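Please keep the sequence and the structure in view while reading.

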Amino acid sequence: MISPPKTCCTHVSTAPRCSTSCNWWPRPTAWWFATPVYKASFAGALKTLLDLLPERALEHKVVLPIATGGSIAHMLAVDYALKPVLSALKAQETLQGIFADDSQIAYGEGSAAAQLAPVLEQRLNESLELFHSALARRPKPVAPGLLNERLLSARWSI
């Protein structure tokens with residue numbers, strides 16, 4: 001895991017627990033957020049985490065939202081509840097979300113793994129391929145020193 005700067009969330013709150021709670025927030029180029037949906041909204045724990053993040057925490061990031069719910073009646077929660085929050089955090093590219101209702105997931109007993117319906121498994125695989133494609137087409141960052149050198153040595157004309 002990448003170590004983020006120590007000031008990741010210190011400006012969010014002056015309370016000690018809040019100011020240190022997301023010092024662990026890494027800086028990868030892509031994220032996927034998975035949440036259960038209840039009463040047409042995503043989980044409060046995810047909302048709390050997203051509230052603690054800096055305003056531009058997802059800037060230059062690719063994001064894949066994933067949600068589960070009791071029925072297809074909650075399907076639009078990804079588009080109307082979660083995506084606007086991810087957009088407000090300046091996600092560069094938010095991919096089409098995945099929604100799975102409870103009939104597509106057989107939860108395992110004890111330590112048994114959950115079983116996914118074939119149609120859900122196919123949608124997840126397709127979305128992960130798009131996720132990897134989105135990462136592959138992102139421009140590679142240029143080192144600041146190299147960029148400064150290029151700007152100073154460039155021939156400029158008007």
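How many aromatic pairs does the structure hold? In this predicted model, the structure holds 1 aromatic pair, and the partners are Trp-31 and Phe-33, whose rings are stacked at 6.0 Å centre to centre with 20 degrees between the planes.

**Overall make-up**

- The protein has 5 helices and 7 strands, and from the N terminus on these elements follow one another in the order α-β-β-α-β-α-β-β-β-β-α-α.
- Of the 158 residues in the protein, 32% are buried.

**The aromatic pair**

- A pair of aromatic rings is described by the distance of the centres and the angle of the planes.
- The pair of Trp-31 and Phe-33 counts as stacked because the angle between its planes is 20 degrees, and planes under 30 degrees apart are classed in that way.
- Trp-31 is found in strand 1, and its relative accessible area of 17% makes it buried, since the cut-off for that class is under 20%.
- Phe-33, the other partner in the pair, is likewise buried, with a relative accessible area of 5%.
- Trp-31 also lies 6.2 Å from Val-62, C-alpha to C-alpha, although the two residues are 31 residues apart in sequence.

**The largest pocket**

- The largest pocket holds about 410 Å³ of space, and its lining is made up of 20 residues, of which Gln-96, Gly-97, Ile-98, Phe-99 and Arg-123 lie nearest the centre.
- Helix 3 (77-88), strand 5 (98-101) and helix 4 (118-136) are the elements that give two or more residues to this lining, and the largest share, 6 residues, comes from helix 4.
- By residue class, the lining of the largest pocket divides into 9 nonpolar, 5 polar and 6 charged residues.

**Two residues of helix 3**

- Lys-83 is found in helix 3, where its side chain is joined to the side chain of Asp-79 by a polar contact of 3.4 Å.
- When residues up to four places away in sequence are not counted, Lys-83 touches Pro-65, Val-78, Thr-94, Leu-95, Gln-96 and Gly-97, and two of these, Gln-96 and Gly-97, are among the residues nearest the centre of the largest pocket.
- Ala-77 is also found in helix 3, and because its relative accessibility is 8%, below the cut-off of 20%, Ala-77 counts as buried.
- Once its neighbours within four places in sequence are left aside, Ala-77 is in contact with Val-37, Ala-40 and Leu-82.
- The C-alpha atoms of Ala-77 and Ala-67 are separated by 8.3 Å, while the two residues are 10 residues apart along the chain.

- Ala-40 is not a glycine, yet it has a positive phi of about 65 degrees, and its place is the loop between strand 1 (30-38) and strand 2 (41-42).
- Lys-90, again a residue other than glycine, has a positive phi near 70 degrees and is found in the loop between helix 3 and strand 4 (93-94).
- With a relative accessible area of 32%, Lys-90 is partly exposed, because this value falls between the cut-offs of 20% and 50%.

- Asp-51 lies in helix 2 (residues 44-52) and is partly exposed, with a relative accessible area of 46%.
- His-60 sits in the loop between helix 2 and strand 3 (62-69), and, apart from its neighbours within four places in sequence, His-60 is in contact with Thr-29, Lys-90, Gln-92 and Arg-138.
- His-60 and Glu-93 are 7.8 Å apart in space, C-alpha to C-alpha, and 33 residues apart in sequence.

Terms used:
Residues are numbered from 1 along each chain as its sequence is written. This is a predicted model: local features need pLDDT of at least 70, side-chain atom pairs count only at pLDDT 80 or more; totals for chains, interfaces and linings use all residues. Side-chain values use heavy atoms; hydrogens and water are left out. On a 1 Å grid over the protein atoms alone, a cavity is a set of points where a 1.4 Å probe fits but cannot get out, and a pocket is an open set with protein on both sides within 12 Å along at least five of seven lines; lining residues have an atom within 4 Å of a point. Grid points are joined across faces, edges and corners, and a volume is the space filled by probe spheres set on the points. Helices (H or I, at least four residues) and strands (E, at least two) are DSSP runs, numbered from the N terminus. Ala, Val, Leu, Ile, Met, Phe, Trp, Tyr, Cys and Pro count as nonpolar, Asp, Glu, Lys and Arg as charged, and the others, Gly among them, as polar. A polar contact is a pair of N or O atoms within 3.5 Å; within protein, one must be able to donate a hydrogen and the other to accept it, and residues adjacent in sequence count only if both atoms are side-chain atoms. Contact means heavy atoms within 4.5 Å. Rings of Phe, Tyr and Trp (its six-membered ring) pair if their centres lie within 6.5 Å; planes under 30 degrees apart count as stacked, over 60 as edge-to-face and the rest as tilted. Buried means under 20% relative accessible area, exposed over 50%, partly exposed in between (1.4 Å probe, protein chains only).
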